[in-house]
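Please keep the sequence and the structure in view while reading.

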Amino acid sequence: MDGEARIVEVDGQRFRVRFEPLEGSLEVETSGGEPVRLLAFRFDAYLAALDRHVYVGAEGLSFDPGAFSREVLEHSGVPVALFAELSPLALWWAAAGSGAGPREPASDGWVDVGPARVQLRPWTWVRRGRALSASVSTRDDGTRALSLELYLREMLSASVVATEPSAFSLESLSGPETAALIDAAVAMNVPGERLEDQLSRSREPEGQALAHLTLRLCKALGWTPSQVWETPAAEVDRLLSLLDVVEVPAPAAAPAGASGLASHPDAVVIQVEEG
């Protein structure tokens with residue numbers, strides 16, 4: 001973003017644009033030759049627009065790109081007559097204009113986001129539950145609505161541990177940088193499903209055995225399933241062998257309905273007769 005004019009192609013349409021890095025804006029030359037400036041669509045505006053134009057239905061999330069791009073154009077004060085022409089560019093500008101694509105956090109949680117580095121951590125199950133509870137409201141007709149903006153803010157509040165520089169404010173991120181941060185936080189909090197996840201839920205003998213051994217090690221060591229599955233196979237074998245030695249089998253339960261002496265098979269019966 002050096003202020004030089006360049007050609008950007010979006011959905012097969014070509015636009016002559018000029019980036020203004022100091023202002024965080026984008027100037028575009030319209031088909032009529034008039035320049036139009038698209039203002040920076042930053043963190044707060046981006047989350048609010050997502051909340052208005054992403055819908056939760058029975059089949060998951062759906063996105064209205066036309067309404068989202070119109071909000072970007074309205075934010076910049078673009079004449080309505082130019083909405084149809086500039087709608088693809090506006091959506092690109094708000095979601096990918098700075099080239100800040102999705103990135104996976106490093107093993108220590110750090111990820112580059114625009115001009116800063118952000119350290120992320122997974123949020124806890126309890127914190128996620130609180131966020132979901134706080135983000136869901138009940139409409140007058142009894143249906144429930146999710147505030148995506150509130151949910152994402154709660155997720156980022158729980159997941160962002162530190163920033164470099166330390167005084168960096170997330171509110172200064174552009175739309176594309178905000179999208180990159182959300183993608184990184186989602187990758188941290190919602191890892192892809194593993195083959196072991198699918199197998200352990202199955203009713204097949206192999207899956208049941210995996211679920212049993214996994215929970216046995218989790219219970220004994222205070223581990224998570226992922227920690228068990230990522231442990232070297234030889235170490236798992238050693239752990240299971242040690243557990244076989246130290247774990248005392250529970251005593252067999254008495255037969256159902258047994259009572260009195262019948263529930264004590266080793267009892268000795270002494271009969272006393274009158275002499």
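At 7% relative accessibility, Trp93 counts as buried, a label given to residues under 20% relative accessible area, with exposed meaning over 50% and partly exposed in between (1.4 Å probe, protein chains only). Phe19, at 4% relative accessibility, is buried too. The model is a predicted one, in which local features need pLDDT of at least 70 and side-chain atom pairs count only at pLDDT 80 or more, while totals for chains, interfaces and linings use all residues. Residues are numbered from 1 along each chain as its sequence is written, and side-chain values use heavy atoms, with hydrogens and water left out.

The structure holds six aromatic pairs; rings of Phe, Tyr and Trp (its six-membered ring) pair if their centres lie within 6.5 Å, and planes under 30 degrees apart count as stacked, over 60 as edge-to-face and the rest as tilted. Two of these pairs are set out below.

| Pair | Centres apart | Plane angle | Class |
|---|---|---|---|
| Phe19 and Trp93 | 6.3 Å | 35 degrees | tilted |
| Phe41 and Phe68 | 5.9 Å | 70 degrees | edge-to-face |

Phe41 and Phe68 are both buried, and together with Tyr46 and Phe63 they form one aromatic cluster.

Turning to helix H8 (residues 205-221), its 17 residues should span 24 Å at 1.5 Å a residue, which agrees with end C-alpha atoms 24 Å apart; the expected span is 1.5 Å times one less than the number of residues. Helices (H or I, at least four residues) and strands (E, at least two) are DSSP runs, numbered from the N terminus. Among the buried residues of H8 are Gly207, Leu210 and Ala211.
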